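Thanks for coming, everyone. I'll walk through one model today, and I'll keep it quick. Please have a look at it first.

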Amino acid sequence: MSDKQAHLNGAYYGPSIPPPTRTYHRPGRGSGCGCGCCLLKCLFNIIITAIVIIGLAVFIFWLIFRPNKVKFHVTDVQLTQFNLTSNNTLHYNLALNMTIRNPNRRIGIYYDRIEARAYYEDQRLDTETLTPFYQGHKNTSYLNPVFVGQQFVRLGADETSEFNEDRVNGVYDIDVKLYLRIRFKLGRVKTGRFKPRISCDLKVPLNTGNGSFGGTFKTTRCDLDF
């Protein structure tokens, strides 16, 4: 009876609660990836930011300067000699009038080097270096390369047949190429050098002195290749 009375008079709080289990996490293990993920995320953000800034700069540049392609034309050609001797020596006298049109309002062009080359059947006949110059905004400049001389050419059966056909027709397929070294001027800023190539595929009538045997030359637009 006394035992029961003591139990009733004392406070009873139920069974004891065990302490919480502590867990320990080592850096670099488990589901997290630690500093490596932070570095990759920062690098990714830097790359995205750089792309956005460069794209914005290009867009602003285009809005300000609105660059347009420079246009090259051959407006006139005089071919007074184009004879192939029995020892495959080609005698030629070729003069061209060319125009370069810069349509841009805010971009000037420095032509630091101009090398003109004449080809027939993919064989170079002559090379002429022209005078460097600066071309201002919305300006048309003129070039007048002249190729005079003789050159040994290797013509196979097909090339010889094409030459004979050209001679009968009085019109020769002659390629003139310009190899340039240029810089652009944008306000006070000058860019680095570029080396574009200009290709002009020409149908050139032979001028015999009594008029062009193969008809008249038609103004030809040249191709610009950067």
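Predicted model: local features only at pLDDT ≥ 70, side-chain atom pairs only at ≥ 80, totals over all residues.

Let's start at Ile-48. Ile-48 sits in helix H2, which runs over residues 35-65. Is Ile-48 buried, partly exposed or exposed? Its relative accessible area is 38%, so Ile-48 is partly exposed. Together with Leu-43, Phe-44, Ile-47, Ile-51 and Val-52, Ile-48 forms a nonpolar patch on the surface. The patch has about 580 Å² of accessible area in total. Look at the numbering along the helix. An α-helix has 3.6 residues a turn, so positions three or four places apart point the same way.

Cys-38 is partly exposed, at 47% relative accessibility. Cys-42 is partly exposed too, with a relative accessible area of 47%.

Now the whole chain. The protein chain has three helices and 12 strands. It has 226 residues, and 28% of them count as buried. The accessible surface comes to about 15,600 Å². Carbon and sulfur atoms account for 55% of that surface. How far along the sequence do contacts reach? Take contacts between residues at least 6 apart: 71% of them join residues at least 24 apart.

One more helix. H3 covers residues 157-169, so to speak a run of 13 residues. From first C-alpha to last, H3 reaches 19 Å, close to the 18 Å expected. Gly-170 follows H3, and its phi is positive, near 80°.

Next, the disulfide. The structure holds one. Which cysteines form it? Cys-200 and Cys-222, with sulfur atoms 2.1 Å apart. The angle about the S-S bond is 105°, and the link is right-handed. Cys-200 lies in strand S10, and Cys-222 lies in the loop between strands S11 and S12, so the bond ties together parts 22 residues apart in sequence. Cys-200 counts as buried, at 0% relative accessibility. Cys-222 counts as buried as well, at 5%.

On to Asn-102. Asn-102 belongs to strand S2, residues 89-102. Is Asn-102 buried or exposed? Buried, because its relative accessibility is 0%. What does Asn-102 contact, beyond its neighbours within four places in sequence? Among its contacts are Val-70, Ile-107, Gly-108 and Ile-109. The stretch Gln-135, Gly-136, His-137, Lys-138 and Asn-139 is in contact with Asn-102 too.

Pro-132 next. Pro-132 is in the loop between strand S4 and strand S5. At 47% relative accessibility, Pro-132 is partly exposed. Pro-132 and Tyr-110 are 22 residues apart in sequence, yet their C-alpha atoms are 7.8 Å apart. Setting aside residues up to four places away, Pro-132 touches Tyr-111 and Asp-112.

Asp-112 takes us to charges. How many salt bridges are there? The count comes to six. In one of them, Arg-183 pairs with Asp-112, with the closest N and O atoms 2.7 Å apart. That pair links distant parts of the chain: Arg-183 is in strand S8, Asp-112 in strand S3, 71 residues apart. Arg-183 counts as buried, at 19% relative accessibility. The cut-off for buried is under 20%. Asp-112 is partly exposed, at 24%.

Another salt bridge joins Arg-113 and Glu-115, at 3.1 Å from N to O. Here Arg-113 is partly exposed, with a relative accessible area of 34%. Glu-115 counts as buried, at 11%.

Then there is Asp-173 with Lys-203, at 2.7 Å from N to O. This one also links distant parts of the chain: Asp-173 in strand S8, Lys-203 in strand S10, 30 residues apart. Asp-173 is partly exposed, at 33% relative accessibility. Lys-203 is exposed, with a relative accessible area of 54%. Finally, a network: salt bridges that share partners join Asp-112, Arg-183 and Arg-193.

That's the tour. I'm happy to take questions.

Technical notes
Residues numbered from 1 in each chain as written. Heavy atoms only, no water. Patch = residues over 30% accessible without salt bridge, like charges linked within 9 Å, V, L, I, M, F, W, Y side chains within 5 Å. Areas by Shrake-Rupley, 256 points an atom, 1.4 Å probe, with all protein chains shown as cover. Salt bridge = Lys/Arg side-chain N within 4 Å of Asp/Glu carboxyl O. Helix = DSSP H or I, 4+ residues; strand = E, 2+ residues; numbered from the N terminus. Buried < 20%, exposed > 50% of the residue type's maximum accessible area, 1.4 Å probe, protein only. Contact = heavy atoms within 4.5 Å. Expected span 1.5 Å × (residues − 1). Disulfide = S-S within 2.5 Å.
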